[in-house]
Amino acid sequence: MIALFAALVTHFGLISLIFLFSLAYISAKASPKVNRLILENVSSENLGKIGGGITTIFTFSVPFGGAIFVFFANLIGIALTFYIISILSLLVFLILLLIIFRQ
């Protein structure tokens, strides 16, 4: 979804907004399921540590990723940066799919 959004945002504004909405919807539906998996698989003594660590990683990654995006957008241009991000996102998605289906 991120790859499609990044590829479409430069040319198709309305379609990219629809994809962004669906990405946010999927993320909102997946978040409680991830929390449930964490609660089921982590002992109560370590739950605070694990939850805090995950929150810290997510909180740190958003501004860090934004800074990287802005740096590349200023360096090589916005359209090319979106295409690079979309290709990288698609590659990561395909690699994760290969890892999941090989198990």
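**Before you start**

The model is predicted: local features need pLDDT of at least 70, side-chain atom pairs count only at pLDDT 80 or more, and totals for chains, interfaces and linings use all residues. Residues are numbered from 1 along each chain as its sequence is written, and side-chain values use heavy atoms, with hydrogens and water left out.

**Whole chain**

Show the cartoon. The protein has four helices and zero strands, in the order α-α-α-α from the N terminus. Helices (H or I, at least four residues) and strands (E, at least two) are DSSP runs, numbered from the N terminus.

Switch to a surface. The protein exposes about 8200 Å², and carbon and sulfur atoms supply 78% of that area. Areas come from the Shrake-Rupley method with a 1.4 Å probe; for residues, only the protein chains shown count as cover. Of the 103 residues, 10% count as buried. Buried means under 20% relative accessible area, exposed over 50%, and partly exposed in between (1.4 Å probe, protein chains only).

**Select 47-76**

This is helix α3. Its 30 residues should span 44 Å at 1.5 Å a residue, and its end C-alpha atoms are 43 Å apart, which agrees. The expected span is 1.5 Å times one less than the number of residues. Step on to Gly 77, which follows α3 and has a positive phi near 110 degrees.

**Select 78-102**

Here is helix α4, with 25 residues. From first C-alpha to last it reaches 36 Å, close to the 36 Å expected at 1.5 Å a residue. Colour Thr 81, Phe 82 and Ser 86: these α4 residues are buried.

**Show both helices**

How do the axes of α3 and α4 cross? They come within 7 Å and cross at roughly 130 degrees. That makes α3 oblique to α4. Angles under 35 degrees count as roughly parallel, over 145 as roughly antiparallel, 65 to 115 as roughly perpendicular and the rest as oblique.

Contact means heavy atoms within 4.5 Å.

**Zoom to Thr 81**

Is Thr 81 buried or exposed? Thr 81 counts as buried because its relative accessibility is 3%. Leaving aside neighbours within four places in sequence, Thr 81 is in contact with Phe 69, Phe 72, Ala 73 and Ile 76.

**Finish at Phe 69**

Phe 69 sits in α3. Its relative accessible area is 25%, so Phe 69 is partly exposed. Leaving aside neighbours within four places in sequence, Phe 69 is in contact with Thr 81, Phe 82 and Ile 85. Draw a distance between the C-alpha atoms of Phe 69 and Thr 81: they are separated by 7.3 Å, with the residues twelve apart along the chain.

How values were computed
Axes fitted to C-alpha atoms, helices over the stretch in contact; angles between N-to-C directions.
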